Amino acid sequence: MNLKVRFAPSPTGRLHVGNARIALVNWLLARAGGGAFVLRIDDTDAERSRPEFVAGIEEDLRWLGLTWEERVFQSRRLARYRDAAEALKAAGRLYPCYETPEELEYKRRRQRARGRPPVYDRAALALSDDDRRRLEAEGRRPHWRFKLDEAEEVCWHDLVRGPSHVQAGSLSDPVVIRADGTFLYMLPSAVDDIALGITHVVRGEDHVTNTAAQIQMMRALGGDAPAFAHVPLLLGAEGEGLSKRLGSASLADLRAGGIEPEALASLLAKLGSSEPVEPRLSLADLAAEFDIARLGRASPRFDPAELDHLNARLLHAMSFTQAAPRLRALGLPDVDAPFWEAVRPNLARLSDAAEWWAVCRGPVRPEIAAEDRDWLREAAALLPPEPWGEETWAAFAAAVRGATGRKGKALFRPLRLALTGREHGPELKVLLPLVGRARARARLVGETA
């Protein structure tokens, strides 16, 4: 049996780090096992689903490096779901219910008041044909519930949570078709998992409660239940719910903020596992290391500061070959390996490279203190002839120190400020050859260069 997973977003918004993590774990499981990754767009909610969100989800996944072997839209498979519903009705596993939302809430309140769990009482099963005709004559339209086998204890081995079981009688029969005839999540999902040959369902732990019902439904439809893995949901850095405070941490926001996709993938792949988070420059490296059994049951925390730190570490390890296409996309077509190797230790975002490219190629207009201007002109006369290399800066600084008597901060600060327009940055031994003698002299004597 070939391993096959699916990621099933609803196109009602953009991806955020929580559901991106679920997508990544699915993708890594598929790649580690030589399997396939299916993108299933759960767009049965016609009112909230938008084509622009479909496009946004696909853009986000591609940016993260996730590709798919199949893509399906649930809105194009409605006939399959209707056929499945009719088969379940004929088998006595779907039954019509006529309670209004207000009536159902009243029942739940009464059950809680009596100290009982708010489980649907199956009152609709006692309705006669005449009762149903009367209710429909009043204008009520039925919603449909899946009748659970309440005597069964449904068991499965969860790949994250371990041995799991639910007594079906402790659950309400789930509503699968609304009164307006539209489908809720469970029936289309079960139909598609069977039809697409999904072998592993990896999702958030908030879905644990419907696993027993989903297993029974798949069996009722003549299919086999897949393996399940329920991954703990991400929390914020302080332990708060991610959707409350960090719901805006969308992939689009992170991309616009200069986060590298490999940095985000490196973090999300290891959060909640027993492995340290280290920057990885390719998803292939992450897939080679991936083992879903290493994911723990504790809720991991997503810390933007950790992501920022990891992003910088990844840039510091990135080769010029890997960086070059991205640098060209920033509008820096003439950058070369010496420039990249000089500036990358100082980058927090790749876009910072553009600032240092401007420093190397000018113009630079530093604010020079009046008492330093004559001294800098004297220093300019001591610039050695080209060609320059990494030894040039030390030789030049020594010459200026010997000729003027300045040393320490009084020597280095005004030189750096005049040569780069910045008080901090890459080592001048690697930056000065990139600036070149003509620009260096012009900047020291106060000319624009």
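Which residue just after H18 takes a positive phi? Gly421 does, with a phi of about 75 degrees. The structure is a predicted model, in which local features need pLDDT of at least 70 and side-chain atom pairs count only at pLDDT 80 or more, while totals for chains, interfaces and linings use all residues. Residues are numbered from 1 along each chain as its sequence is written, and side-chain values use heavy atoms, with hydrogens and water left out.

**View 1. Helix H18 and the residue that follows.** Helix H18 covers residues 409–420 and has 12 residues (helices are DSSP runs of H or I with at least four residues, strands are runs of E with at least two, and both are numbered from the N terminus). From the first C-alpha of H18 to its last the helix reaches 16 Å, close to the 16 Å expected at 1.5 Å a residue (1.5 Å times one less than the number of residues). Gly421, with its positive phi, comes just after this helix.

**View 2. The buried side of H18 and its cover.** The buried residues of H18 are Leu411, Pro414, Leu415, Arg416, Leu417, Ala418, Leu419 and Thr420 (buried means under 20% relative accessible area, with a 1.4 Å probe and protein chains only). Among the elements that cover these buried residues are helix H15 (352–361), helix H16 (370–380) and helix H17 (392–404), together with helix H19 (428–435) and helix H20 (437–444) (contact means heavy atoms within 4.5 Å).

**View 3. The largest pocket.** About 960 Å³ of space lies in the largest pocket (an open set of points on a 1 Å grid where a 1.4 Å probe fits, with protein on both sides within 12 Å along at least five of seven lines, and lining residues having an atom within 4 Å of a point; the volume is the space filled by probe spheres set on the points). Of the 36 residues that line the largest pocket, Ala8, Ser10, Asn19, Asp206 and His207 lie nearest its centre. Strand E1 (4–7), helix H1 (17–32), strand E9 (200–204) and helix H8 (242–245) each supply at least two residues of this lining, and H1 gives the most, with 5 residues.

**View 4. The second largest pocket.** The second largest pocket holds about 220 Å³ of space. It is lined by 13 residues, and those closest to its centre are Lys107, Arg108, Gln111, Val119 and Tyr120. Helix H4, which spans residues 101–113, gives the most to the lining of this pocket, with 5 residues.

How values were computed. Buried means under 20% relative accessible area, exposed over 50%, partly exposed in between (1.4 Å probe, protein chains only).
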